[in-house]
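Hi everyone, thanks for making time today. Let me put the structure up, and then we can walk through how its parts meet.

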Amino acid sequence: MISPARSWREFPQRYRLEAAKCAGCGKVLYPPRVKCPACAGTAFETIVLPREGKVVTFTVVRVPPAGFTEQSPLPIALVELADGVRVMVQIGDVADPAELEIGMPVRLEFRRISWDGEAGLIFYGHKAVIAR
Amino acid sequence: MRDVAVVGVGMTEFGELWSESLRTIWTKAATAALADAGLDSVDLITVGCMSPGLFVGQEHLASLLADELGMAGVAATRVESACASGGLAVRAGFAEIAAGLADTVLVTGVEKMTDVDGADATYALGSAADQEWEGFHGITFPGLYAMLARAHMARYGTTREQMAAVAVKNHANGLLNPHAQYHLKVTAKDVLESTLVADPLRLLDCSPVTDGAAAVVLTTVERARELAAGRPVVTITGSGLATDTITLANREELSELRAVRLAAERAYRMAGRRPEQLHVVEVHDCFTIAEIMATEAIGLFDPGFGGSAAADGLTALGGKIPVNTSGGLKSKGHPVGATGVAQVVELVNQLRGEAGQRQVEGAAIGLAQNMGGSGGSSVVHILEVVR
């Protein structure tokens with residue numbers, strides 16, 4: 001479903017949370033883009049996103065798509081990180097979905113996200129875990 | 001710009017049509033619309049279809065279907081904007097006639113969704129989200145709308161019961177539509193006790209997986225008067241198209257559907273109309289929360305009041321402004337590429353006074369709002385009876 005080349009070129013963002021900071025206006029773009037949507041600038045500095053953030057909104061997917069059917073139920077949140085960047089991520093280690101709420105502090109951790117059958121690629125990235 | 005009229009409508013029954021293929025349902029809807037118009041040829045065919053590649057493994061669709069209709073040689077094109085593909089096909093046909101590039105256009109929408117299993121259908125629909133930065137994490141369309149629902153609930157106090165009221169209303173309307181997928185009375189209790197799909201959305205908050213096709217024939221108003229044969233002439237007076245960020249992460253406001261608001265503003269401006277002048281409205285209720293947010297975005301209700309409007313019966317048949325008299329996506333069904341065209345079919349039936357038991361008395365001005373993805377695109381059309 002995702003080719004090795006496509007998986008490989010996304011490693012900097014998925015594995016190391018690398019983002020692009022616009023040299024012109026300072027806007028942080030995750031994922032990086034060719035052109036800044038705020039000022040049309042094309043020069044960027046690579047930065048690493050902060051790992052701490054809070055839940056903006058969330059759901060618990062009970063009917064996952066192909067590739068995720070073994071992971072049901074699947075809590076997923078839109079998380080606003082400390083620098084204002086928002087990322088969509090799974091919430092890991094949730095014992096009871098009822099404990100999830102908007103505004104809850106979370107921390108991003110490196111995790112296995114999905115896998116392509118028994119012999120295919122394994123996709124890694126970041127999940128949020130509740131910050132205690 | 002030339003004025004554009006709708007002179008023919010047709011659609012298949014919507015449902016799980018196991019014995020039918022994409023090409024057979026499309027041809028039936030197209031043939032019905034041409035017969036209704038009294039035409040046997042057109043200058044152009046537009047096809048709205050979201051993903052024939054993922055649902056049935058077929059691309060190059062417009063040529064295939066033109067041939068199926070016995071019209072190989074005609075100009076034909078497929079357009080795509082996820083679940084707004086049908087509305088976009090209407091706009092593409094409208095633009096060609098308005099610009100004088102074509103005098104007659106067969107506008108069609110189709111989706112054959114049941115040739116793949118549930119997980120693959122969920123995946124195909126999910127391709128309308130940002131695959132690299134949303135889909136990668138396993139999110140689904142019910143999941144994305146669930147996130148919007150939770151944001152709307154947090155900001156405005158919208159309730160589960162208000163969302164259920166949308167499903168109850170649309171299923172009541174669907175009972176009156178012979179083409180609807182479900183002829184099923186649903187109570188608020190049924191909705192609130194149905195299986196969780198993506199919290200807080202439950203099964204009866206969601207539109208179904210559907211096979212279906214719909215078609216309309218467009219031409220100039222002058223030609224439409226010749227073809228009318230005593231029936232009212234229905235024109236498209238406004239057309240608006242807009243986009244928003246696909247990824248929810250890039251949206252500043254999660255409790256508003258910005259693309260819908262912008263598309264509606266553009267359509268109202270072209271038509272010279274205001275929301276309070278509408279008599280009948282079809283909106284893109286792919287989920288109950290989507291109808292609430294869409295009725296706010298097209299200006300029927302202030303932000304935050306879409307839920308209470310549904311619960312208070314303002315959008316029911318006989319209410320202040322009937323919404324989704326067809327049963328909507330919820331009850332009529334949602335063959336994604338066909339939906340935007342089927343909305344226009346319903347409006348034309350209403351404006352001609354041919355909507356049977358669900359007729360809105362005296363309906364003369366209607367609006368159809370079609371939406372792609374989680375609001376990443378929207379198309380709005382305003383239709384009116386020529387006085």
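Let me start with chain A, where residues 24 or more positions apart account for 45% of the contacts with a separation of 6 or more. By contact I mean two residues whose C-beta atoms, placed from the backbone, lie within 7 Å. Before going on, a word on provenance: this is a predicted model, in which local features need pLDDT of at least 70 and side-chain atom pairs count only at pLDDT 80 or more, while totals for chains, interfaces and linings use all residues. Residues are numbered from 1 along each chain as its sequence is written, and chains are lettered from A and ligands numbered from 1 in the order in which they are written.

Chain A has two helices and eight strands, and the order along the sequence is α-α-β-β-β-β-β-β-β-β. Helices (H or I, at least four residues) and strands (E, at least two) are DSSP runs, numbered from the N terminus. Along the principal axes, the C-alpha atoms of chain A fill a box of roughly 45 × 35 × 20 Å. Of its 132 residues, 34% are buried, meaning that 20 or more other C-beta atoms lie within 10 Å of the residue's own; 12 or fewer would be exposed, and in between is partly exposed, with C-beta atoms placed from the backbone.

How is chain A divided? Into domain 1 (1-48) and domain 2 (50-132), with bounds from an automatic or database domain assignment. Their centres, over C-alpha atoms, are separated by 21 Å. Ten residues from domain 1 and eleven residues from domain 2 of chain A make the contact. On the domain 1 side, helix H1 (4-9) and helix H2 (11-16) of chain A are the elements that give two or more residues.

Now, between the chains, 28 residues of chain A are in contact with 26 residues of chain B. On the chain A side, strands E4 (52-61), E5 (74-81), E6 (86-90) and E7 (105-115) each supply at least two residues. That side has 18 nonpolar, seven polar and three charged residues. Here Ala, Val, Leu, Ile, Met, Phe, Trp, Tyr, Cys and Pro count as nonpolar, Asp, Glu, Lys and Arg as charged, and the others, Gly among them, as polar.

Over to chain B, which is divided into domain 1 (4-117 + 209-227) and domain 2 (138-207 + 238-385). The C-alpha centres of these two domains of chain B lie 23 Å apart, and 34 residues of domain 1 are in contact with 30 residues of domain 2. Which element gives the most to the domain 1 side in chain B? That is H4(B), with eight residues.

So let's look at that helix. H4 (residues 85-99) of chain B packs against H14 (residues 336-352) of chain B at an angle of about 55°, with axes 5 Å apart. Axes are lines fitted to C-alpha atoms, for helices over the stretch in contact, and angles run from 0 to 180 degrees between N-to-C directions. H4(B) and H14(B) are therefore oblique to each other: under 35 degrees counts as roughly parallel, over 145 as roughly antiparallel, 65 to 115 as roughly perpendicular and the rest as oblique. By class, this contact has eight nonpolar, six polar and no charged residues. Among the residues that meet here are B:Gly86 and B:Gly87 in H4(B), and B:Gly337 and B:Val341 in H14(B).
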